[in-house]
Amino acid sequence: MADHPTAMPLTVPPPSVTVVLDPGDDAIHTHTALAAHHPPSGRITLHPGPGTTSETGLAPDLLVALGKPPLLPGRFPGGRQPAWEAATAWLTALPVTRLTVLRAHRLTARRTMRLL
């Protein structure tokens, strides 16, 4: 089967994903991850807010980690997730090379998939 004539070849391979679990929430790992947070160098440490299990609630936390405002002004049609759209756009536009998620073992499968 021939390629579609207007299809663009993927020139940059997708980034690799490394998962390090720290179910004991070891303080040294947390402090190291927070100290490594440096958006201009492409290193982002996401610290999900406590008490929420929704995938929607993770997007504002990601925007904060990226140094962007977590609340978007305006009204949006039902079904749209503007915070995720903004977070996705910023992750694409900024030179993010490493995303560390604190307490990732506590994320639901749905939140993990949304983040990935």
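# Salt bridge, helix face and pocket

Tutor: By the rule used here, this predicted model has a count of 1 salt bridge.

Student: What makes D25 and R103 a salt bridge?

Tutor: The closest N and O atoms of D25 and R103 are 3.5 Å apart. The rule asks for a side-chain nitrogen of Lys or Arg within 4 Å of a carboxyl oxygen of Asp or Glu. The value falls within that cut-off, so the pair is called a salt bridge.

Student: Where in the chain do the two partners sit, D25 and R103?

Tutor: D25 is in the segment before helix 1 (27–36), and R103 is in the loop between strand 2 (98–101) and helix 4 (109–115). They are 78 residues apart, and the pair links distant parts of the chain.

Student: How do you know which class R103 belongs to?

Tutor: The relative accessibility of R103 is 36%. With the limits at 20% and 50%, R103 therefore counts as partly exposed as well.

Student: What is there to say about the phi angle of D25, and about that of R103?

Tutor: Phi of D25 is near 50°, a positive value in a residue other than glycine. For R103, also not a glycine, phi is positive and near 55°. Most residues other than glycine have a negative phi.

Student: Which residues of helix 1 are buried?

Tutor: They are T30, A33 and A36.

Student: Why are the buried residues said to line one face of helix 1?

Tutor: Seen down the axis of helix 1, the buried residues fall within an arc of 135°, so they line one face. An α-helix has 3.6 residues a turn, so residues three or four places apart point the same way.

Student: What does the face of helix 1 turned away from the buried side carry?

Tutor: That face carries the exposed residues I28, H31 and A35.

Student: What covers the buried residues of helix 1?

Tutor: The cover includes strand 1 (43–46) and strand 2.

Student: Which residues does L34 touch, leaving aside its neighbours within four places in sequence?

Tutor: L34 is in contact with T45 and L102. As for H47, its C-alpha is 8.6 Å from that of L34, and the two are 13 residues apart in sequence.

Student: What is the volume of the second largest pocket, and which lining residues are closest to its centre?

Tutor: The volume is about 250 Å³. Of the 13 lining residues, the closest to the centre are P48, G49, P50, R103 and R106. By class, the lining has 4 nonpolar, 5 polar and 4 charged residues.

Student: What pattern does the protein follow along the sequence?

Tutor: The pattern is α-β-α-α-β-α, and the secondary structure comes to 4 helices and 2 strands.

Student: How many of the 116 residues, as a percentage, count as buried?

Tutor: The share is 22%.

Student: What share of contacts between residues at least 6 apart in sequence join residues at least 24 apart?

Tutor: For this protein the share is 65%.

Key. Residues are numbered from 1 along each chain as its sequence is written. This is a predicted model: local features need pLDDT of at least 70, side-chain atom pairs count only at pLDDT 80 or more; totals for chains, interfaces and linings use all residues. Side-chain values use heavy atoms; hydrogens and water are left out. Buried means under 20% relative accessible area, exposed over 50%, partly exposed in between (1.4 Å probe, protein chains only). The arc is that of the directions from the helix axis to the C-beta atoms. Contact means heavy atoms within 4.5 Å. On a 1 Å grid over the protein atoms alone, a cavity is a set of points where a 1.4 Å probe fits but cannot get out, and a pocket is an open set with protein on both sides within 12 Å along at least five of seven lines; lining residues have an atom within 4 Å of a point. Grid points are joined across faces, edges and corners, and a volume is the space filled by probe spheres set on the points. Ala, Val, Leu, Ile, Met, Phe, Trp, Tyr, Cys and Pro count as nonpolar, Asp, Glu, Lys and Arg as charged, and the others, Gly among them, as polar.
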